[in-house]
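Hi everyone, thanks for making the time this morning. I'd like to walk you through one protein model, so let me put the sequence and structure up on the screen.

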Amino acid sequence: MFVYSGAIHIHSSYSDGSLKPNEIANIANEVGLDYIVLTDHNTLNALQFGYEKFYGKTLLIVGSEINDLENKNHYLVLGVDRLVGSFKDIGNNEFGNELPAIEYVKQFHKMGAVGFIAHPFEKRTQFPQHPQFPWTCWESKLFDGIEIWNHMSEWMEGLTESNKFNRLIHPLKSVVAPDIEAVKKWDELNLHRKVSAIGSVDAHSHKQNVLGFFTLDIFPYKVLFKSIRTNVLLDEKIDPERQDLFEKYKQLIIKSLKEGRSFIVNNYYGDAKGFRFFAEYKDEYYNIGEDFFVENSDKDNVVLKCFVPKEAKIRLIKNGNCIYEITSTSAIWNYDGPGNYRVECWIGDKAWIFSNNIRILIKNNHN
Ligand SMILES: [Zn+2]
Ligand SMILES: [Zn+2]
């Protein structure tokens with residue numbers, strides 16, 4: 001099992017970001033990211049102009065962030081070489097898909113794309129020039145995952161007149177934890193089907209008049225690349241010398257993101273190298289994102305284990321509820337019946353690592 005660290009949801013100069021894709025990828029390589037996912041608004045230009053490749057050790061993968069005509073229902077799509085619908089100018093240099101969200105989610109799903117709902121419960125109301133872009137289309141069931149942590153949204157949501165300077169100077173310190181509502185929704189959705197979680201930066205590196213006051217480069221890419229990452233588990237080792245295998249590596253990463261073979265880490269509170277969460281049953285190991293069946297009579301033979309590279313508050317969450325909590329570098333828990341198990345690691349009151357679920361099911365002897 002190999003772990004690769006990535007930053008998802010990045011805007012380049014093909015939409016409202018400030019650098020070109022290759023410049024962003026070179027920064028990611030300097031910072032030590034294994035992959036980045038570019039998601040410019042309503043375009044795949046970076047793909048069409050050939051930016052998808054290795055930059056040093058970093059794979060640059062191109063997806064897109066789609067929105068509707070009301071600029072709501074932002075949806076990250078990966079693994080596509082074309083977009084669905086058509087785009088209309090909705091003012092302010094922005095575009096929207098003429099298809100409603102339910103329809104673009106459906107059509108992307110049909111063409112084999114992997115899709116994540118972006119910042120579903122964004123609530124920012126303090127500054128009219130920075131409105132919120134929530135998800136309103138929960139009747140759609142065809143998305144693969146949900147962004148439970150978005151650096152940009154969290155930073156903006158907590159912004160007030162009195163803290164804005166402090167927040168500008170310390171963009172990483174002000175980010176605390178995934179969005180509570182998004183986590184709750186994610187857990188609920190997983191009671192019915194597998195929905196994976198990602199954490200993202202939503203990086204733009206805006207050089208603009210941010211707060212009606214002065215011009216500043218808020219969130220340089222380099223700073224943001226040290227914050228929220230989604231680390232994927234792969235069965236294969238990535239060899240950055242093999243540009244010829246780029247497409248295969250890209251597909252493996254997208255597949256892991258789709259299946260939730262991943263965990264989210266805020267790197268600002270420490271590198272997650274060495275983090276493990278898995279279940280053991282009958283001499284087999286089951287990793288994050290995997291499902292397995294347990295015979296009812298065998299339930300005493302299942303254990304869950306977690307190892308963290310430094311001491312943290314480790315919480316075991318089953319079906320959305322915390323069932324154990326320990327402050328340590330490791331934890332071993334007995335099985336507590338079928339369900340979805342995930343872990344959260346906290347450093348004080350700051351979230352550090354959030355894993356996706358291991359799903360344990362009871363084998364029905366009648367089948
Ligand atoms: Zn967005
Ligand atoms: Zn975005």
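This is a predicted model: local features need pLDDT of at least 70, side-chain atom pairs count only at pLDDT 80 or more; totals for chains, interfaces and linings use all residues.

Asp187 sits in helix 6. If we leave out its neighbours within four places in sequence, Asp187 is in contact with Asn319 and Gly320. For a sense of distance, take Tyr104, which is 83 residues away from Asp187 along the chain: the two C-alpha atoms are separated by 24 Å.

Now let's zoom out to the domains. The protein is divided into domain 1, residues 2-269, and domain 2, residues 276-363. Their C-alpha centres lie 27 Å apart. The contact between them takes 21 residues from domain 1 and 17 residues from domain 2. Which elements of domain 1 each supply at least two residues to the side that touches domain 2? They are helix 6 (180-190), strand 10 (196-200) and strand 14 (262-266). Strand 14 gives the most to that side, with five residues. By type, the residues on that side of domain 1 divide into 10 nonpolar, five polar and six charged.

Not counting residues up to four places away in sequence, Leu60 touches Pro21, Ala25, Ile36, Leu38, Tyr51, Glu52, Lys53 and Tyr55. Two names on that list, Ile36 and Leu38, take us to strand 2, where both are buried.

So, strand 2. Seven of its seven residues are buried, so strand 2 is largely enclosed by the rest of the structure. As a reminder, in a regular strand the side chains alternate between the two faces of the sheet. Here both faces of strand 2 are covered: Tyr35, Val37, Thr39 and His41 are buried on one side, and Ile36, Leu38 and Asp40 on the other. Strand 2 also has partners. Strand 1, residues 2-10, runs parallel to strand 2 and is joined to it by four bridges, with Ala7 standing opposite Ile36. Seven bridges join strand 2 to strand 4, residues 58-66, and this pair is parallel too. There, Val37 has Ile61 in strand 4 as its bridge partner.

Asn42 lies in the loop between strand 2 (35-41) and helix 2 (45-48). Its phi is near 55 degrees, a positive value in a residue other than glycine. Is Asn42 buried or exposed? Asn42 is buried, because 20 other C-beta atoms lie within 10 Å.

Compare that with Asp283, in the loop between strand 15 and strand 16. Asp283 is not a glycine either, and has a positive phi of about 65 degrees. But Asp283 counts as exposed, because it has 6 C-beta neighbours inside 10 Å. The hairpin of strand 15 and strand 16 has two residues between the strands, and Lys282 there takes a positive phi near 50 degrees.

Strand 15 and strand 16 (residues 284-287) run antiparallel and are joined by four bridges. In strand 16, Tyr285 is the bridge partner of Glu280. Strand 15, residues 276-281, is also joined to strand 18 by six bridges, again antiparallel, and Phe278 stands opposite Lys305 in strand 18.

Last stop, helix 8. Helix 8 covers residues 246-259, so to speak 14 residues, and reaches 20 Å from its first C-alpha to its last, close to the 20 Å expected at 1.5 Å a residue. Its buried residues are Tyr249, Lys250, Ile253, Ile254, Ser256, Leu257, Lys258 and Glu259. Just after helix 8, Gly260 takes a positive phi of about 70 degrees.

That's my tour, and I'm happy to take questions.

Key. Residues are numbered from 1 along each chain as its sequence is written. Chains are lettered from A and ligands numbered from 1 in the order in which they are written. Domain bounds come from an automatic or database domain assignment. Two residues are in contact if their C-beta atoms, placed from the backbone, lie within 7 Å. Ala, Val, Leu, Ile, Met, Phe, Trp, Tyr, Cys and Pro count as nonpolar, Asp, Glu, Lys and Arg as charged, and the others, Gly among them, as polar. The expected span of a helix is 1.5 Å times one less than its number of residues. A residue is buried if 20 or more other C-beta atoms lie within 10 Å of its own, exposed if 12 or fewer, and partly exposed in between; C-beta atoms are placed from the backbone. Two strands pair if DSSP finds at least two bridges between them.
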